[in-house]
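Subject: A structure to look through, with notes

Dear colleague,

Please find the structure below, and keep it open while you read the notes that follow.

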There are 2 protein chains.
Amino acid sequence: MATRTEEDYIKAIFKITEKNQGSANTNAIAKHLSTSAASVTDMLKRLSEKEYFHYEKYKGVYLTSKGIDMAIKLIRKHRLWEVFLVNKLNFSWDEVHDIAEQLEHIQSEALIEKLDHYLGHPKYDPHGDPIPNAEGKFTLRSQDSLFNLCIGEKGSVVGVREHDNAFLKYLNKLEINLGTRIEVKEHIEFDHSMQVIIDDQNEAILSNKVSKNIFVKKSQLL
Amino acid sequence: MATRTEEDYIKAIFKITEKNQGSANTNAIAKHLSTSAASVTDMLKRLSEKEYFHYEKYKGVYLTSKGIDMAIKLIRKHRLWEVFLVNKLNFSWDEVHDIAEQLEHIQSEALIEKLDHYLGHPKYDPHGDPIPNAEGKFTLRSQDSLFNLCIGEKGSVVGVREHDNAFLKYLNKLEINLGTRIEVKEHIEFDHSMQVIIDDQNEAILSNKVSKNIFVKKSQLL
DNA sequence: ATATATTTTTAAGCTAATCTAAATATTTTC
DNA sequence: GAAAATATTTAGATTAGCTTAAAAATATAT
């Protein structure tokens with residue numbers, strides 16, 4: 001059975017390789033886990049013997065299918081717990097990450113399957129990220145960055161790219177959440193911000209940084 | 001912040017002193033935590049510096065109010081999670097201990113208060129053990145060992161003394177659970193077993209070991 | 001292509017938690 | 001109250017995970 005630290009390493013490597021298309025290097029892992037590069041090298045040497053990933057000195061690391069399996073299981077657990085925290089316990093989406101980070105390490109197959117059932121087999125977590133099913137398959141969905149919508153187009157929010165607390169709190173303040181409908185009223189060329197109408201009511205100006213980090217599903221145009 | 005191991009030690013000491021009326025000795029702690037006496041001595045020396053308990057060589061250990069506070073918080077968390085597992089996720093009472101043993105170490109005040117609220121501020125866990133409230137107060141209740149009931153007396157099950165899995169599974173088989181009504185029909189002098197009627201339907205013979213481990217609230221006699 | 005900068009690894013060492021074996025206290029028994 | 005049994009502590013090691021500082025490898029820039 002893997003230790004908590006081992007699980008953290010595997011998940012970090014998965015997340016990094018997902019973005020970087022390929023291998024995860026020492027520094028990136030160290031940064032992700034807030035530890036030193038030396039610790040990472042040390043751990044990679046020991047962990048690679050357990051065959052979760054391939055490691056070659058100076059070349060970084062990539063997961064084996066055993067490692068990918070573990071990472072996906074952890075992501076499944078993390079996201080299911082987030083759904084529980086938001087939907088059942090009424091936490092807001094900016095409060096759940098740290099708690100789910102702990103809960104994902106609870107060891108019990110039965111627990112996670114019963115939790116999944118209790119929550120109604122959700123396909124997406126409170127940030128709109130897909131939850132892999134028990135076989136490790138993700139349900140993908142077409143989505144666009146709000147930034148790319150044209151004037152007059154409408155969409156409903158299906159997710160966010162950044163999970164940063166400050167960003168999520170800002171969205172709370174704007175009353176933007178999953179399911180919120182947003183219509184693009186104007187593109188401001190000067191700074192690539194946009195004027196939008198939120199849920200057919202409030203107007204707001206969103207910076208390009210914000211609009212790029214919101215994913216929407218475009219509404220069928222009439 | 002205390003480590004998981006520290007928390008386990010504090011809880012073990014609390015449980016042992018609760019039974020033994022006084023102090024917990026090295027061997028008892030070692031047995032409770034499935035570790036060696038040498039490890040315990042070692043840990044007691046280091047932990048006593050953090051003032052969770054008083055330690056005197058060869059004299060055993062007793063908790064300070066700081067230690068008692070921590071133990072009660074852990075018990076609160078453990079028992080609330082057990083309620084969640086049984087009432088919401090449909091685990092049976094013999095399946096929840098090991099999972100709750102992990103969940104009790106999750107660090108988040110907000111989580112446990114929201115969980116408590118979600119569960120409706122339960123006063124007892126699935127084994128009938130009292131759940132301390134946020135201030136650490138237990139709700140006590142009058143109860144008798146089923147063993148002590150006289151012929152003709154009736155009671156409803158409010159708890160169990162042993163939490164042993166084999167015992168709980170046996171009760172499942174007999175269809176005895178919290179709330180089950182039991183009437184004493186006969187005392188068998190030979191081996192101190194008793195003949196009972198369960199929920200006004202099935203008859204059964206319970207050994208003295210079983211009846212001693214079941215707590216009931218006596219019904220008002222007509 | 002060489003100098004500079006960056007990244008990675010090695011080396012040496014720390015802490016928490018554990019172990020076994022041996023030594024020392026305490027308790028029990030006759 | 002001395003001998004035997006039991007409980008506890010000490011001593012010496014081990015493992016996981018981490019640290020800093022220095023060395024080595026790789027990448028970048030002129």
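Which elements cover the buried residues of α1(B)? What covers them includes α2, α3, β1 (53-56), β2 (60-63) and α4 of chain B. Before the rest, please bear in mind that this is a predicted model, in which local features need pLDDT of at least 70 and side-chain atom pairs count only at pLDDT 80 or more, while totals for chains, interfaces and linings use all residues. Residues are numbered from 1 along each chain as its sequence is written, and chains are lettered from A and ligands numbered from 1 in the order in which they are written.

Helix α1 of chain B

Helices (H or I, at least four residues) and strands (E, at least two) are DSSP runs, numbered from the N terminus. A residue is called buried if 20 or more other C-beta atoms lie within 10 Å of its own, exposed if 12 or fewer, and partly exposed in between, with C-beta atoms placed from the backbone. By that rule, the buried residues of α1(B) include Tyr9(B), Ile10(B), Ile13(B), Phe14(B) and Thr17(B). The helix α1(B) has 17 residues and spans 24 Å from its first C-alpha to its last, close to the 24 Å expected at 1.5 Å a residue (the expected span is 1.5 Å times one less than the number of residues). After α1(B) comes Gln21(B), which has a positive phi, near 50°.

How α1 and α4 pack

In chain B, the axes of α1 (residues 4-20) and α4 (residues 65-88) come within 9 Å and cross at roughly 95°, where axes are lines fitted to C-alpha atoms, for helices over the stretch in contact, and angles run from 0 to 180 degrees between N-to-C directions. The helices α1(B) and α4(B) are therefore roughly perpendicular to each other (angles under 35 degrees count as roughly parallel, over 145 as roughly antiparallel, 65 to 115 as roughly perpendicular and the rest as oblique). Two residues are in contact if their C-beta atoms, placed from the backbone, lie within 7 Å, and α1(B) brings Glu7(B), Ile10(B), Lys11(B) and Phe14(B) to this contact, whereas α4(B) brings Gly67(B), Ile68(B), Met70(B), Ala71(B) and Leu74(B). By class, there are six nonpolar, one polar and two charged residues in the contact of α1(B) with α4(B) (Ala, Val, Leu, Ile, Met, Phe, Trp, Tyr, Cys and Pro count as nonpolar, Asp, Glu, Lys and Arg as charged, and the others, Gly among them, as polar).

In chain A, α1(A) and α4(A) pack at an angle of about 95°, with their axes 9 Å apart, which makes α1(A) roughly perpendicular to α4(A). Among the residues that make this contact are Phe14(A) of α1(A) and Leu74(A) of α4(A).

A residue is near a strand if its C-beta atom, placed from the backbone, lies within 6 Å of it. DNA strand D is surrounded by 20 residues, of which the closest are Ala38(A), Ser39(A), Asn25(B), Asn27(B) and Ala38(B). Two or more residues of this surface come from each of α1 (4-20) and α3 (37-48) of chain A, and from each of α2 (26-32) and α3 (37-48) of chain B. The surface near DNA strand D has six nonpolar, 10 polar and four charged residues.

Around DNA strand C there are 20 residues, and Asn25(A), Asn27(A), Ala38(A), Thr3(B) and Ala38(B) come nearest. Here α2 (26-32) and α3 of chain A, together with α1 and α3 of chain B, each supply at least two residues.

Where the chains meet

The contact between the chains takes 14 residues from chain B and 14 from chain A. On the side of chain B that touches chain A, α5 (97-103) and α6 (109-118) of chain B give two or more residues, and α6(B) gives the most, with four. That side of chain B divides into eight nonpolar, four polar and two charged residues.

Chain A has eight helices and eight strands, and 32% of its 222 residues count as buried. Glu82(A) lies in helix α4 of chain A and is buried, with 26 other C-beta atoms within 10 Å. Leu174(A), by contrast, sits in the loop between α7 (165-173) and β5 (181-188) of chain A, and is partly exposed, with 16 other C-beta atoms within 10 Å.

With best wishes
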